[in-house]
Amino acid sequence: MEEINNFEVVPCTESDYLKPFRVHYNQNGTKKSWDFMRTHDSVSVLIFNTTSHCFVLVKQFRPAVYMCEWEKSKSQPPQSADKPEEGAAEAAAPAPESQEGQSASEGESASKLPPASAGVTYELCAGLVDKPDLSLEEIARQEVLEECGYDVPASKLKRITSYRSGVGVTGAKQTMFYAEVSDDNCVSAGGGEPREGELIEVVKVPLHEAMTFAYNERIPKTMGVIFSFIWFHNNMSPKYKISTNV
């Protein structure tokens, strides 16, 4: 998953997933404009395995996250492990000239690329609402099967809530479901749909470690993971008389 190479950033002039627009409007007598992106709505699923008492998440490389980390690393001053001796700065050799055909900025950026792990995140099983002939429950069911390998009837999915995500940029709506599975429901290893470019690792988080996992800032995760773990603690833990380590 973390074997990422030949990374290249190019302008996006056409996409099946993102369409940029600029809207002009008046608000309380003031003329305004706003740039936004039209995207698909989506579904997400909190999966709880009742056999092993663990949550089932997905782990994958996200180029957008990686690029944010890359941009952040470019803006940070270089750090040295040892303090240079007096006069060392004056004696330092000049920076080498850029190679022919490559700008200095390109050479500098390439040498500071963060590790691929900087773009890997833990997420709920999720997918785009791009099949108009299917209900949200049926789309969620397909995602659980493709990404995590569990065959769950759509009727067994419990709707938690829906909310807007990325309101400053997209405003797309995500609907979150809850699914209880057992080892008997596992029919494949999951991993996503290769034809759609997915490369997903299925990850299990033990129930008693859930809240520690949610609040550990060193573990890159989506807000959906944190919110859904809190929802489970408030709504399901009392029912099963189990602890989420809060």
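## Basis

The model is predicted: local features need pLDDT of at least 70, side-chain atom pairs count only at pLDDT 80 or more, and totals for chains, interfaces and linings use all residues. Residues are numbered from 1 along each chain as its sequence is written, and side-chain values use heavy atoms, with hydrogens and water left out.

## Overall make-up

The chain holds 7 helices and 9 strands. Both are DSSP runs numbered from the N terminus: helices are H or I with at least four residues, strands are E with at least two. The chain has 246 residues, and 30% of them count as buried. Buried means under 20% relative accessible area, exposed means over 50%, and partly exposed lies in between (1.4 Å probe, protein chains only).

The accessible surface of the chain is about 16,200 Å². Carbon and sulfur atoms contribute 51% of that surface. Areas come from the Shrake-Rupley method with a 1.4 Å probe; for residues, only the protein chains shown count as cover. Contact means heavy atoms within 4.5 Å. Among contacts in the chain with a separation of 6 or more, 68% involve residues 24 or more positions apart.

## Aromatic pairs

A pair of aromatic rings is described by the distance of the centres and the angle of the planes. Rings of Phe, Tyr and Trp (its six-membered ring) pair if their centres lie within 6.5 Å; planes under 30 degrees apart count as stacked, over 60 as edge-to-face and the rest as tilted. The count comes to 12 aromatic pairs. In one of them, the ring centres of Y122 and F213 are 5.6 Å apart and the planes stand at 90 degrees, so this pair is edge-to-face. Y122 sits in strand β5 (residues 120-123) and F213 in helix α5 (residues 210-215), so the pair ties together parts that are 91 residues apart in sequence. Y122 and F213 are both buried.

Y163 and F227 also form an edge-to-face pair, with 6.4 Å centre to centre and 65 degrees between the planes. Y163 belongs to strand β7 (residues 158-165) and F227 to helix α6 (residues 223-235), so here the parts tied together are 64 residues apart in sequence. Y163 is partly exposed at 25% relative accessibility. F227 is partly exposed at 35%.

## Ring cluster and a charge over a ring

Which residues do ring pairs link into a cluster? They are F48, F55, Y122, Y178, F213, F229, W231 and F232. F213 also has a charge over its face: K221 lies 5.7 Å from the ring centre. The rule asks for NZ of Lys or CZ of Arg within 6 Å of the ring centre and within 35 degrees of the ring normal.

## Salt bridges

The whole structure has 5 salt bridges. Each is a side-chain nitrogen of Lys or Arg within 4 Å of a carboxyl oxygen of Asp or Glu. D35 bridges to R22, with the closest N and O atoms 2.5 Å apart. D35 lies in strand β2 (residues 30-38) and R22 in strand β1, so the pair ties together parts that are 13 residues apart in sequence. D35 is partly exposed at 44% relative accessibility, whereas R22 is exposed at 57%.

K72 and E69 form another salt bridge, at 3.3 Å between the closest N and O atoms. They are 3 residues apart in helix α1 (residues 63-75), a separation of about one helical turn. K72 is partly exposed at 41%, and E69 is partly exposed at 28%. D130 and K131 also meet in a salt bridge, 3.4 Å from N to O. D130 is partly exposed at 37%, as is K131 at 26%.

## Nonpolar surface patch

I4, F7, V9 and L113 make a nonpolar surface patch of about 310 Å². Patches use residues with over 30% relative accessible area and no salt bridge; like charges are joined within 9 Å, and nonpolar side chains (Val, Leu, Ile, Met, Phe, Trp, Tyr) within 5 Å. V9 falls in the segment before β1 (19-27). Its relative accessible area is 53%, so V9 is exposed.

## Around S42

S42 lies in strand β3 (residues 42-49). Is S42 buried or exposed? At 14% relative accessibility, S42 counts as buried. Leaving aside neighbours within four places in sequence, S42 contacts G127, L128, V129, K173, Q174 and T175. S42 and K173 are 131 residues apart along the chain, yet their C-alpha atoms are separated by 6.5 Å.
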